[in-house]
Structures are given as structure tokens and as C-alpha cells.
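Q: Hi! Could you walk me through this one while I have it open?

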Amino acid sequence: QVQLAESGGGSAQAGGSLRLSCAVSGLTADYWCMGWFRQAPGKKREGVASLDSDRDTNYANSVKGRFTISEDTQTNLYLQMNDLTPADTAMYYCVLVERNYCFSWQLSGDGTDFKHWGQGTQVTVFP
């Protein structure tokens, strides 16, 4: 069974950087789509970035040019977050679905397309 465990959240000043990690275990599929979603208090859940087994990536417009998604031998997923703003404050979740590709529209939805979810890690950005 696939399990996801996030780490690396914390606090940063605006303009600073954080790197989130997600440890992936139990993945046996050859094809997958992994990503990051976030949810701020009182707001809808939103997609941040995704990466598939072909190493194609998708990003939400709000993070393009600032965030970078990457993975390491299918066992770790990362999200490098630079030039943080208070608007990036949220709980960040690692997600995964066993399928051939990621689609950009998945980040526009609420994430129900992703079968597996981590517990989340909090990111707080101060002005």
C-alpha cells in the first residue's frame, strides 16, 4: 500500500525559501503522477505542482517561476519553494495516483483525482 509522509514545513520570512520533502513507500507501479496540493484556513484546496513518471511537470500559475517540483528514484518527492509570500501560507499535502501521465487540469481541481494523500506539513510565511 502506498504511503506518503511529508516533512520540511516550517516558518519563513517573505522572500525566503523552504524545501518540502515527501517520502514515498509501497509504490510498485511503473507509471505514476505525484504532486503537491495546499489548503489555507477558510480557503479551497488548490493544486500547486505535479510531476509524472515521464518527468513532465505542471505548475499552478501562482507558483510558476518560484516553486520547483522534483523526485528522487520514486522514493522521495520534493518541492523547492523560493521567493515565498504570505499567500503561500497553507498546509501542504503530497499526493499520488498510479497512472501514466499528469494533466494540467488536475491542479485546477480539488485533488480528488489523486488516490493517495499524506498527512500534510504546515508552511507559514511572515510579511
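A: Happy to. One definition to begin: two strands pair if DSSP finds at least two bridges between them, strands being DSSP runs (E, at least two residues; helices are H or I, at least four), numbered from the N terminus. This is a predicted model, where local features need pLDDT of at least 70, side-chain atom pairs count only at pLDDT 80 or more, and totals for chains, interfaces and linings use all residues. Residues are numbered from 1 along each chain as its sequence is written, and side-chain values use heavy atoms, with hydrogens and water left out.

Q: Thanks! Which residue in β3 is the bridge partner of E6?
A: That is C22. β1 and β3 pair in the antiparallel sense, over five bridges.

Q: What is the strand order in that open sheet?
A: The four strands run β1-β3-β8-β7, with antiparallel pairing. At the edges are β1 (3-7) and β7 (67-72), each pairing on one side only. On average, neighbouring strands are turned by 15 degrees against each other, direction ignored; the axes behind such angles are lines fitted to C-alpha atoms (for helices over the stretch in contact), and angles run from 0 to 180 degrees between N-to-C directions.

Q: Back to C22. Which residue does C22 form a disulfide with?
A: With C94, the sulfur atoms being 2.1 Å apart; a disulfide here is a pair of cysteine sulfur atoms within 2.5 Å. The pair links distant parts of the chain, C22 in β3 (residues 18-25) and C94 in β9, 72 residues apart. The torsion about the S-S bond is about -80 degrees, so this disulfide is left-handed.

Q: Is C22 buried or exposed?
A: Buried, with a relative accessible area of 0%. Buried means under 20%, exposed over 50%, and partly exposed in between (1.4 Å probe, protein chains only). C94 is buried at 0% too.

Q: How many disulfides are there?
A: Two. C33 and C102 form a disulfide with sulfur atoms 2.0 Å apart, and that link is right-handed, with 115 degrees about the S-S bond. C33 lies in β4 (residues 33-39) and C102 in the loop between β9 and β10, so the pair ties together parts 69 residues apart in sequence. Numbering the bonded cysteines in sequence order, the pairing is 1-3, 2-4.

Q: And C102, buried or exposed?
A: C102 is buried, at 9% relative accessible area.

Q: New topic: where is Y101 found?
A: Y101 is in the loop between β9 (90-97) and β10 (116-117). Y101 counts as partly exposed because its relative accessibility is 42%.
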